[in-house]
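Trainee: I would like to learn how to read a protein model. Could you walk me through one?
Mentor: Gladly; let us look together.

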Amino acid sequence: MLNTRKALLAFLPFLTAGLLGCAEVAPWERGNLAKPHMALEPYPMQSTLRAHNYSSREAAAGGNAAEGGGCGCY
Amino acid sequence: MQALTAAALTLPGLMLPPAQAADEEFGVQYGHYQEGERELFGVESKFRPIEVDSLQGSGNIKITDRVKFNFNYTQDTWSGATPVATAPLDMRGNRTVSPDVVTGATPIINGELFFDSQLNPLRTDGFGALVGGTDSQLVHTLSSASPETRKQGSFKLGYEWDEAAADVGGGISLEDDYESRFVNLGGRLDFNQKLTTLSGGLSYTSSDTKARMDHDILPYVDTGNYDSQIERTGEGGKIIHGDRKDWGAHLGFSQVLNKNALIETGIGYTYSHGYMENPYKVVEVAFIDPEQQFRAPVDGYFANVQALLEQRPNVRHQLNGNLGYKQYIEAFDAALHFNYRYYHDDWGINAHTFESDWAQPLGHGWSVTPRIRYYSQDAADFYIPYLVSQQAYDLGQFNRNRLPANFSSDHRLSGYGALSGGVTVSKQFAKGVNLDLGFEYYTHQGGLKLGGGGEGDYTDFDFWTVNGALKVNLEALVSSSDHSSHAHHQHQHGAMAPAGVMFDHMLSKDGFMVGYRYMYSSQGGDMLHGSNLVGDQTIVANGCGPNSCFVKPNSMAMHMHMLDIMYAPTDWLNLMVMPQFMDMSMTMRRLNGAPPDSEAPDDGVHIPHHVENGHETGGISDMGVYALFKVLDAGHHHLHMGLGLSIPFGDVDIELRRNHKAEGGLIHYGMQLGSGTLDFKPSVTYTGNYDSWSWGAQLNGTKRLEKSGETGYRLGDIFQTTAWGGYNLTHWLSANVRGVYTVQGAIDGQFNQYIDQLGPMDYPNNYGGRFWDVGFGLNATVPGGDLAGNTLGVEWLQPVGTDYNGYQLDRDGSLSATWHYAF
């Protein structure tokens, strides 16, 4: 079983990292952020394929097993 | 803020892949995965490494301003060599044996080993005599697999508020030995003028394993631990049944830091329960029987090695957290992206993933994105290359309690690191039409594990992948094309030909069209000789030339996906490119009254595999390149001519797996993916329209330009003639009827490599014939709204007459469906 306290501690940084701080960015200042290559996932289809390759080859693919993906039994 | 919205929706590793792309976007992608040869330490593997061909299609449709629908379809076909076990090198699991004169590696998973007092394997001459010294080198024992196909469809329906979104989705993944069904729920909340986004989701997956054990190693595997889950088949096979459930939850957070940077973070948790084994992996157990130690060396041990199906825990808790950062670099107009992911589970695996990419626009619609990724994982607690047990193994009788509760030698559960790098090149052609090409190289090495201590180099392997994706954003296209040209296109499509007819129209100067064609055809039921039904006895006696037939095809299905890209440099000349992807499947049955299996080639060892497994192939097929020339364009009458080539990209050397020390040989002609030859494809098309009526006729042919392809044969030439009539039921919907006559010659020559001839489909004379079909179709043109100008067509071709060459399976019919958009 997972050690709940240890696990929570390990994942705390991921929970809090986003709260580090932010400046006011007015809508008209968001031009750069809106550029296609600033999208977190500019190539979603390619990313899906890469994720599928990794998940059939690596143990740590789980945790986001929301999408079938097949057995990968080879 | 489209990019921001998309960003919020796609927290990698946390968010269920949602309606990621822009609204009204359609995409299609082809990918190829190719593994390198495995190191077998002195044995050259005769197996081809694993390769996978995949095809993916996706679409986002805006049903209303606030309701979005997303669908995804993926299929992949894989084949090749895969490790079935791990053993000390002295087991000689991959030894080359040639009792059947055919040279090749056959997995040997039972045997003998000698150990010293510290249980280090001792080196022998291969015949039980020690030659001195220890040899601790391990090696994978490889087995091969015939091609297998997986298909997956999923959808997502979402609703968007001004500062929130929710979606519900589901899907199914189907393959011969594994089925999984999944549902998911997701949501998103925007705060702080959309500078902050919180997202979350829940998912549930239910999967069933139905794995047919490898015929080749079945007699040598101890399946005792799974007796209650094993079904025995009529052909003496074993099928392992298992089911598992996965529940997942995730929470994500993204924050704009300043006008050039944003951060994303999140955590995810998955609980899995049930059968999580890989049903095709065994673990070697060296049983040291006290009563056999008279064979042991001085101060050492003698062991009888048996193969047991691997055993994994039935419960798994998985946690992961990720942290991503994206920075816009003003000086280069580039974007730099970092992502770190930490993973922890109760199988003892901790993993770290670091990824980074640099997205660099280059101008004129080009951009290039190099990326690098490093992954490292610990071994699972129960990972072990092989086991040693101090007890006797007597025909499956032994004390299982003296083995660990769980054990696996699957290298995916070992400790290792993986380094990969690649590049994506993207080109925007028109506003809204993008082509992305990607390449990646990946190397898995025990020595790359973070902090050292990874598995030995015998597990090392590498692969490369390439992929190409075409994306069409209809919103962007519509906004960039003016209204008058739009109306023109609608007019052009008012007289669409039936969906199964290609080259039915031309574009005017500077026109561009993208389209997708799907064709499904099915055969089943009775066997015909010429036009006559024939029974099993006749097929046994006459269907296989001078030999007897042992099996017959029972059903055959073919699915073909074609991209249709057309450009008009002038009014009188149009150019077309049509890449194709196809997959096929077939089932067979034994023929009643066939001679005993022992009289078949290779003593009929492949027959059980044929009749129980069926066969699948899939991958890229031949690509067509065409030029259409306008001959006549007189009001209601149009005539044009097409000249084209079919380039033989499709494989014609797909093999069936080895079984029982006998080569599977090539799979028969009809299941290969291409023609193997360069083919000339001319056509002449006439179309006419008046008022609500349209009509047309076409002659087309396929002439093979080479004597034979790389595997020694040439498909028959084809000549086809067709005529149709259509009527506009409404301003957007038309119906059509057509007749088709096709004649195709038999195969010329035959395979120049081994083929295990068991049924009529394995003989070149049983191909081609004369065919009469009647088609019924509907065409629709979207009259208005964002999707205006899109055309859809569907047609069913019903066979009405068949006169086969030789003995072949009757035809059920074929379905064509098309989508086109011109701009």
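Trainee: How many residues lie between β11(B) and β12(B) in their hairpin?
Mentor: First, some ground rules. This is a predicted model, in which local features need pLDDT of at least 70 and side-chain atom pairs count only at pLDDT 80 or more, while totals for chains, interfaces and linings use all residues. Residues are numbered from 1 along each chain as its sequence is written, and chains are lettered from A and ligands numbered from 1 in the order in which they are written. Strands (E, at least two residues) and helices (H or I, at least four) are DSSP runs, numbered from the N terminus. Now your hairpin: four residues lie between β11(B) and β12(B), and N192(B) in the turn has a positive phi of about 55 degrees.

Trainee: How do β11(B) and β12(B) pair?
Mentor: Two strands pair if DSSP finds at least two bridges between them. Here β11(B) and β12(B) are antiparallel, with 14 bridges, and G187(B) sits opposite G200(B) of β12(B). β11(B) is also antiparallel to β10(B), residues 164–175, through 12 bridges. In that pairing S173(B) has S180(B) as its bridge partner, and the hairpin from β10(B) to β11(B) runs through two residues.

Trainee: Which loop holds K194(B)?
Mentor: K194(B) belongs to the loop between β11 (178–191) and β12 (196–212) of chain B. Most residues other than glycine have a negative phi. K194(B), although not a glycine, has a positive phi of about 65 degrees. This residue is partly exposed, with 17 other C-beta atoms within 10 Å. D299(B), in the loop between β17 and β18 of chain B, is also not a glycine and has a positive phi of about 60 degrees. D299(B) counts as exposed because it has 9 C-beta neighbours inside 10 Å.

Trainee: How many residues are in the largest nonpolar core?
Mentor: In soluble globular proteins, nonpolar side chains tend to be buried together. A nonpolar core is a set of buried Ala, Val, Leu, Ile, Met, Phe, Trp, Tyr and Cys residues joined through C-beta atoms within 7 Å. The largest one has 59 residues, and V282(B), A286(B) and A303(B) have the most contacts inside it. β18(B) gives the largest share of this core, seven residues.

Trainee: What does A303(B) touch?
Mentor: Two residues are in contact if their C-beta atoms, placed from the backbone, lie within 7 Å. Leaving aside neighbours within four places in sequence, A303(B) has contacts that include E112(B), F115(B) and V388(B). A second, separate core of 36 residues includes V551(B) and M582(B).

Trainee: Where are the domains of chain B?
Mentor: Domain bounds come from an automatic or database domain assignment. For chain B, this gives domain 1 (2–133 + 152–473) and domain 2 (486–822). Between them, 25 residues of domain 1 are in contact with 26 residues of domain 2.

Notes
A residue is buried if 20 or more other C-beta atoms lie within 10 Å of its own, exposed if 12 or fewer, and partly exposed in between; C-beta atoms are placed from the backbone.
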